[in-house]
Amino acid sequence: MIKFDSMTWPIELLQKSEIQYNGEKVYLLDSDKELLELFTGSNAKKSKIINVNPYGFLRILLLAIFFQLNGIREEIVKQNEENIQHLSVGQKVKLDGSIGLVKELNQDHRVKVKFSDMTYTLPKALIWRISVYNGNAKITKYKYRPISSIKKVRKIFSDIFNFDSIEIPAINTYKTLIVCNKNEMNSIEDIYIKGTPLIDLIPTAYYSNVDNFKRIGRDPLQRDPLFCFTSNIETAYEIIKADKDIKNLIIFGKKKILGNSVYIDEINNHSFDNISVIMDLKEMDFEIVSLIKTLGYEIVPEFIPNTPNDSMLFNSAVPNINLLSERNIIAKRLSCFERKFIQIESDVDKMLHSLKKKVLTLKKDFVENIYIMDMVRKTLGLLSFLRTMPIPMKELGDINPEFPYYRIVNDLESEKLNVLATTSEETFNTVNSIIKDIKSLLLFHNFQHPKEETLRKIISKLGSNDCIAVKKKNNDYLCTWIHREYPDLNIPIKTIKQIQKEEKFYHNIYILGWYDSDVFHLESKTKGQCEHYVFYKDERTSFNYYFQQFNKMISPFVIRNDTDNKVEPIDQGSELNDREYEDLNFIEENMETSLIKSYKTKGTPGDEESTLVFFEEDQFAFLTNGYNCRVLDREKETITLKSVSELRENDELVFVDTDKDVFNEVVNKMRESSEKINNLYVLSELWTNTLKKYQEKYGYTEISIANQLKEYGISRHPATILNWLKDSSVIGTGDAIEAISRLTNDKTLVNKLTDVKKACSQIRALHIKLGRYLANSIISSYNTNGNYTDKILKESVEDLTKNINIVQVQKKSSHKAYVPVLKTNKLLG
């Protein structure tokens with residue numbers, strides 16, 4: 001029976017649910033329990049919370065399951081209370097499909113219903129089964145008609161809620177809406193409650209828009225979805241407006257918040273039991289922190305303990321990382337994470353620090369001088385390289401005869417006369433001093449490096465579950481050097497971004513110098529049990545400074561016992577100040593001015609107008625106006641086309657290590673592999689080639705052609721016509737192809753009109769398939785063992801994905817630059 005005066009506690013509710021993921025029992029972490037306590041007993045209230053944690057999407061699922069189960073339970077209780085208030089003696093009602101008459105309502109809220117053959121007494125707990133009947137039919141015999149298809153569901157819920165199974169209604173209206181990526185949503189299919197798939201217990205669906213949803217799981221009654229998933233805030237807002245039964249909203253991830261403040265403000269005006277914004281700790285930055293503060297939500301800090309949870313199973317060598325095993329590993333590693341420093345004592349540390357101070361002083365005084373800014377950028381790049389690449393320069397030159405830093409002195413020498421012409425003799429002398437220091441550093445590092453011996457010691461003791469983290473620019477050099485020096489060793493060398501994105505966990509990660517603030521995100525994802533930093537004293541000071549800034553940023557969101565990993569405090573009385581650490585953010589903040597001003601502000605022959613776009617790890621590209629950006633859509637597992645103007649922050653662009661377009665590269669490989677496919681392409685290009693011949697013959701402009709096409713029933717902008725003329729790979733539509741055949745009256749096109757339209761349709765379908773396959777291969781870490789069986793398609797993509805780079809847009813310049821065409825539409829930096 002329902003106990004109306006009692007509360008099922010959140011932890012008990014989840015524990016009684018016996019939740020499993022992929023067949024493994026899901027244990028609650030201490031931090032899970034602390035978060036759920038907010039919704040318990042006297043603490044329970046309508047809430048708007050933000051929680052930042054490192055545990056991933058499993059936290060979302062646990063929270064959603066609790067909200068939904070608790071909501072269903074409370075709805076049953078509430079429905080009984082409301083039915084009692086609306087009943088009166090003599091009123092016609094329906095009970096289990098039979099029509100009766102209310103005969104008695106006693107003080108204990110027991111209801112007697114008279115039927116033609118019997119009188120049925122219902123306790124308060126079952127009054128939800130009664131509904132008021134306003135029709136003219138006479139009372140009938142009572143016949144209980146149980147719904148056999150949900151008998152199992154009722155039994156499971158009765159065990160969880162401690163109700164009789166007959167007390168569980170077939171239809172509930174309480175709903176939870178979750179905003180997350182579609183691939184994250186798929187993990188709900190692996191959640192089981194008491195040995196039964198969750199999606200078979202609670203109606204679940206994914207909404208592509210407010211009017212369209214796809215059911216997930218089996219529901220014989222085809223009820224309204226109670227677990228509602230969607231991948232964007234705008235759709236969530238439309239669903240909320242249309243459905244008053246949405247009582248909980250859970251938003252997962254930084255990308256769902258950024259740029260959507262308008263919708264979030266509107267959502268805040270609606271009545272919910274709970275709104276929860278959950279984010280991954282590795283996503284935290286100052287931008288999102290500022291935005292969070294404007295939302296006015298309660299921040300629920302995440303407590304990270306320094307002792308492991310003994311109830312949680314852990315195996316460092318997990319063969320298949322999934323949502324649960326990753327959560328467990330992260331929890332275990334956070335509880336016993338170590339950070340160690342290997343400090344390198346060398347006079348070169350003072351030389352590097354002294355040169356850095358000179359450069360930053362120069363940069364502060366001449367931020368608008370393009371010659372000095374270019375020198376500053378190159379010098380700071382050299383300093384970063386020398387700190388983080390522990391190999392003598394001579395050996396690097398042997399690896400690459402075009403080693404760029406061999407040219408740096410000549411480059412700076414050639415620029416210093418421009419400095420003299422635009423500044424003063426004093427500044428010119430400072431530049432000379434900087435060049436002299438660079439020569440000394442290069443000479444020092446030519447046959448030795450203070451960190452080389454330490455690197456060799458690290459290599460000698462590397463275990464099978466260890467790796468070395470490097471800057472992306474250093475990767476090829478270090479891999480080649482290690483292969484030469486240690487040909488029999490297979491040493492994993494990764495960039496920090498690669499370590500973050502891969503599923504593997506390491507015992508030890510060795511970081512060969514101060515790279516940038518990404519190291520804090522590395523720790524937040526705890527991909528290593530122990531992180532070892534090979535630092536000069538100056539690097540350690542920079543690390544300490546930024547560690548303090550990072551901790552200050554996340555302190556409202558994370559409470560941790562970090563006594564074993566504290567950094568040395570910075571001596572506030574020393575000469576060190578914020579300006580000395582600006583080199584870490586300098587390139588991102590000032591490279592735009594330096595790079596754009598390094599190129600022409602007016603076009604000359606051979607130059608292309610372009611937009612400067614910055615990516616992660618100091619990479620950038622000059623993208624021309626007509627460039628088709630290939631953007632990886634992880635939600636739909638495909639690659640979409642965007643113009644440069646449509647690019648947004650956090651978009652992921654796909655580049656291949658070739659001057660050709662990644663998509664067209666695959667197309668070319670397919671055409672080479674199959675005569676049939678090549679013939680299709682030849683046919684599909686016939687209409688554009690015919691249009692080009694027509695233009696060349698009569699000298700028409702694209703404006704003139706656009707006007708002529710209107711006479712044949714189609715309207716296209718002149719820019720579209722220009723694109724047809726420039727790009728023969730454009731896939732034509734039936735109306736456009738037919739209009740051009742009539743306009744040009746080309747016999748070949750007229751005779752093959754049906755074949756050309758059919759070929760275009762087939763190529764369009766092939767491109768959709770290709771986009772999805774290419775995206776699937778990339779998302780699977782360039783693994784083409786997907787569900788596709790097309791041999792030609794697989795072979796075409798297989799080699800290409802090995803040379804693909806995926807970069808995330810960080811910033812797009814608002815200024816135009818004129819750049820030599822060879823420098824456009826490729827990844828630089």
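Predicted model: local features only at pLDDT ≥ 70, side-chain atom pairs only at ≥ 80, totals over all residues.
1. Start with the open sheet of five strands in the order 19-23-22-20-21. Its pairing is parallel. Strand 19 (338-344) and strand 21 (493-495) stand at the edges. Each has a single partner strand, so one side of each is left without a neighbour in the sheet. From one strand to the next, the twist averages 30 degrees.

2. **Strand 22 and its surroundings.** Look next at strand 22 (residues 506-511). Is this strand enclosed or open to the outside? Five of its six residues are buried, so strand 22 is largely enclosed by the rest of the structure. Buried here means under 20% relative accessible area.

3. **Partners of strand 22.** Strand 20 (residues 466-470) runs parallel to strand 22, and four bridges join the two. Ile468 stands opposite Tyr510 of strand 22. Ala469 stands opposite Ile511, also in strand 22. Strand 23 (residues 528-536) is likewise parallel to strand 22, with five bridges between them. There, Asn508 has Cys530 of strand 23 as its bridge partner.

4. Another open sheet of five strands has the order 7-6-5-4-8. Here the pairing is antiparallel. Which strands form the edges? They are strand 7 (119-122) and strand 8 (130-132), and each pairs on one side only. Neighbouring strands of this sheet are turned by 40 degrees against each other on average, direction ignored.

5. Strand 5 (residues 98-105) pairs with strand 6 (residues 111-114). The sense is antiparallel, and the pairing covers four bridges.

6. **A helix pair.** Helix 24 (residues 686-698) packs with helix 27 (residues 734-744) at an angle of about 35 degrees. Their axes are 10 Å apart. The crossing of the two helices is left-handed. Helix 24 brings Trp687, Thr690, Leu691 and Tyr694 to the contact. Helix 27 brings Ile737, Ile740, Leu743 and Thr744. What kinds of residue make up this contact? Six are nonpolar, two are polar and none is charged.

7. **Thr204.** This residue lies in strand 12 (residues 204-209). Thr204 counts as buried because its relative accessibility is 1%, and the limit for buried is under 20%. A polar atom of its side chain lies 2.8 Å from the backbone oxygen of Ile202. Leaving aside residues up to four places away in sequence, Thr204 touches Ile188, Ile199, Lys214, Arg215, Ile216, Pro225, Phe227 and Phe229.

8. **Val26.** This residue sits in the loop between strand 2 (24-25) and helix 2 (30-37). Is Val26 buried or exposed? It counts as buried, because its relative accessibility is 9%. Not counting residues up to four places away in sequence, Val26 touches Ile19, Gln20, Tyr21, Leu58, Leu62, Leu324 and Arg327. Val26 and Tyr192 are 166 residues apart in sequence, yet 9.8 Å apart in space, C-alpha to C-alpha.

Terms used
Residues numbered from 1 in each chain as written. Heavy atoms only, no water. Buried < 20%, exposed > 50% of the residue type's maximum accessible area, 1.4 Å probe, protein only. Polar contact = N/O pair within 3.5 Å; in protein donor to acceptor, adjacent residues only side chain to side chain. Contact = heavy atoms within 4.5 Å. Axes fitted to C-alpha atoms, helices over the stretch in contact; angles between N-to-C directions. Left-handed = near helix turned anticlockwise from the far one by under 90°. Nonpolar A, V, L, I, M, F, W, Y, C, P; charged D, E, K, R; others polar. Pairing = 2+ DSSP bridges.
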